[in-house]
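Hi,

Here is the structure I promised to pass on.

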Amino acid sequence: MEPAHDNDKSENEKSGAELNGLLEILPPVEFCCVYGSTLHPNNLDKNSMIDCIIGVSDPEKWHSENLKMNRNHYASWLVHFGGAGLIAGVADDIGVGVHFNPFVSLNDKMYKYGVVRMDDLINDILGWQRFYLCGRLQKPVNIIMDSLDLENLNHINLRAATSAALLLLPSKFTEEDLYAKICSLSYMGDLRMLFAEDKNKVKKIVQGQFSLFHRMYNPFLEEYAAKDLLRLSSSGDAQVTISQDCGSSAASKLVSSLPPPIRSQMGIKLGEKKILDELGRVKQEVVIGSKEEAAQCMQKLLRNKVMISSARQAVAGLLTVGVFGGARYVSKKMQKAWKS
């Protein structure tokens, strides 16, 4: 991800300073990033909750330490009936490996932080295992702590998201269309979008953070253009128009950039063939009859993953924040949905 413009940079520095304040009262973490509406340069809601993801090597041990330091961050029933073991157990067995503590008040700011095992975070980035956290990292984030250089590792996730979006797009589209399609990947099948999310969420995210999306994804556009998969054209200040090859050979190249588990599942549905790579090694390749067929297969797989993950996390979230906290959180989401 390239350096931000001055306005975006000042916003990132501001959110970084705010998050450093939160990290100072928590046990040590290996990764931390801010995501969501607080990164929008035009976000005027100063009371909006600051969302962040925290990666740790051992969640149960981390929660055990955090309970000693910040017992009030957790729902009381979790603390009384099982403590750190129950907190980590609900996240892993019911949710998708993430425990969220919302409505954490510090220095006149409200935070929601999700705690995840680093191995699970890496597996989602590289393999789209749950298609939950990797979806958040396909959108602009502000990384505050990164001891394992996940920012560099995330380039694999961004390239795969670019390929997935291109499979779903027609032969000609705009740069904004591309980012909207990338952004929408992690909302396909998300049950919250049916009743508790802003219906214009994707459009607002892309338009509010267009320059950030451009800096994230422009290297991949140039890479694909150099491979003759795309043609980029612009006139004056107008937005870049993109044309793509919609042939089966081009689609096969896009599929080859998807995570191995996704390719494997597509291979089961569409068939596989053995080919020799540039080093002379035999490898399996998905049989692509047409771009449309590949796109439909991939879309169905991703929608199913998102649907299952969003449902599991919704149940885990309601359990871990308690009845009052759950009602409070859902009501805020519902208000956004109604306003849209």
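**What I found**

Strand β7 and strand β8 (residues 241–244) run antiparallel and are joined by four bridges. Within that pair, Leu 232 has Ile 242 of β8 as its bridge partner. Before going further, a word on the basis: this is a predicted model, where local features need pLDDT of at least 70 and side-chain atom pairs count only at pLDDT 80 or more, while totals for chains, interfaces and linings use all residues. Residues are numbered from 1 along each chain as its sequence is written, and side-chain values use heavy atoms, with hydrogens and water left out. Helices (H or I, at least four residues) and strands (E, at least two) are DSSP runs, numbered from the N terminus, and two strands pair if DSSP finds at least two bridges between them.

Back to the sheet. It is open, has three strands in the order β6-β8-β7, and its pairing is antiparallel. β6 (172–174) and β7 (230–233) are the edge strands, each pairing on one side only. On average, neighbouring strands here are turned by 25° against each other, direction ignored. Helix α8 packs on this sheet, touching β6 and β8, and its direction makes about 85° with that of β6. (Contact means heavy atoms within 4.5 Å; axes are lines fitted to C-alpha atoms, for helices over the stretch in contact, and angles run from 0 to 180 degrees between N-to-C directions.)

α8 (residues 175–184) also packs against helix α7 (residues 150–168), at an angle of about 110° and with the axes 9 Å apart. The two helices are therefore roughly perpendicular to each other (the term covers 65 to 115 degrees). On the α7 side the contact is made by Ala 161, Thr 162, Ala 165, Leu 166 and Leu 168, and on the α8 side by Leu 178, Lys 181 and Ile 182.

Now to strand β2 (residues 50–56): seven of its seven residues are buried, so the strand is largely enclosed by the rest of the structure. Buried here means under 20% relative accessible area, with a 1.4 Å probe and protein chains only. Ile 50, Cys 52, Ile 54 and Val 56 point one way from β2, and Asp 51, Ile 53 and Gly 55 point the other way.

What joins β2 to its partners? Five bridges link β2 to β1 (residues 31–35), running antiparallel, with Phe 31 opposite Gly 55. Seven bridges link β2 to β4 (residues 109–117), running parallel, and there Ile 54 stands opposite Val 115.

Cheers

Definitions and conventions. Angles under 35 degrees count as roughly parallel, over 145 as roughly antiparallel, 65 to 115 as roughly perpendicular and the rest as oblique. Buried means under 20% relative accessible area, exposed over 50%, partly exposed in between (1.4 Å probe, protein chains only).
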